[in-house]
Amino acid sequence: ARDCCWVMLIDPFTVIRSLIVMFCATHLRGFVIRGAALSPLAGQKGSTRLFTAQNGQAIQRLKVRKIFEADESVVGKEVMVQGWIRSVRDQKQFSFIDINDGSSLKGIQAVADCNMPSYGELKKLSTGAAAEIKGTIIASQGKGQKYELQATEVKLVGECPTTYPLQKKRHSQEFLRSIAHLRPRTNTISAVSRVRSTLAYAAHK
């Protein structure tokens, strides 16, 4: 309430706009990032790119959302996923990597075998780091997601310090106000931003 009154003194229109966003966030679903704006899932472009692997073969970059939406024909396809690391669980013979590119509230799990040539890169990975993972899409053996990625190559794109404040847990809004530059990476703020951008995109379309 204190924050709301403070905003109203500065810009009453901001309060009205925030109420509209909160209403739409409750009733609208299924919107994703499209460049600088957002649009419904149908007809979205720009979700895939082609990259050349070391063996000369073209590897398609797929967004996490596209993988989750695909039918079973995607199993066995070699793809690349680029995004930010949410968590890394290191086991004796393999590791689990949770990576998200912002196209979905939920990240995709990549399984890296210890015999993978670039397995040493996993020691550099931490929550918040930017990474690129190439691998084969397989049916997930666990619960919670339909597909997962059997990694064949992991590349660290950008390191992240151990003091990175966002972890894979729920943070209070009071805490997020103290790190406003990182708030868009949380599920709550990213969902609100999606709805807000969708409304702006629809108004100017």
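Leaving aside its neighbours within four places in sequence, which residues is Gln145 in contact with? In this predicted model, Gln145 is in contact with Phe68, Lys106, Gly107, Ile108, Gln109 and Ser140, once those sequence neighbours are set aside.

**Gln145 and its surroundings**
- Gln145 is placed in the loop between S8 and S9, and a polar atom of its side chain lies 2.9 Å from the backbone oxygen of Tyr147.
- Gln145 counts as buried because its relative accessible area is 15%, which falls under the 20% cut-off.

**The largest nonpolar core**
- The largest nonpolar core has 31 residues, and those with the most contacts inside it are Ile67, Ile97, Leu122, Leu125, Ile133, Ile137 and Val154.
- Two or more residues of this core come from each of helix H3 (64-69) and strands S5 (78-90), S6 (94-100), S7 (108-113), S8 (130-139) and S9 (147-158), with S9 giving the largest share, 5 residues.
- At least three residues of this core are drawn from each of domain 1 (50-162) and domain 2 (166-193).
- Ile133, leaving aside its neighbours within four places in sequence, is in contact with residues including Val79, Val81, Ile97, Ile99, Leu149 and Val154.

**The second largest pocket**
- The second largest pocket has a volume of about 800 Å³ and is lined by 29 residues, of which Arg86, Pro184, Arg185, Thr186 and Asn187 lie nearest its centre.
- S5, helix H4 (173-177) and helix H5 (187-204) each supply at least two residues of this lining, and H5 gives the most, with 6 residues.

Notes:
Residues are numbered from 1 along each chain as its sequence is written. This is a predicted model: local features need pLDDT of at least 70, side-chain atom pairs count only at pLDDT 80 or more; totals for chains, interfaces and linings use all residues. Side-chain values use heavy atoms; hydrogens and water are left out. A nonpolar core is a set of buried Ala, Val, Leu, Ile, Met, Phe, Trp, Tyr and Cys residues joined through side-chain atoms within 4.5 Å. Buried means under 20% relative accessible area, exposed over 50%, partly exposed in between (1.4 Å probe, protein chains only). Helices (H or I, at least four residues) and strands (E, at least two) are DSSP runs, numbered from the N terminus. Domain bounds come from an automatic or database domain assignment. Contact means heavy atoms within 4.5 Å. A polar contact is a pair of N or O atoms within 3.5 Å; within protein, one must be able to donate a hydrogen and the other to accept it, and residues adjacent in sequence count only if both atoms are side-chain atoms. On a 1 Å grid over the protein atoms alone, a cavity is a set of points where a 1.4 Å probe fits but cannot get out, and a pocket is an open set with protein on both sides within 12 Å along at least five of seven lines; lining residues have an atom within 4 Å of a point. Grid points are joined across faces, edges and corners, and a volume is the space filled by probe spheres set on the points.
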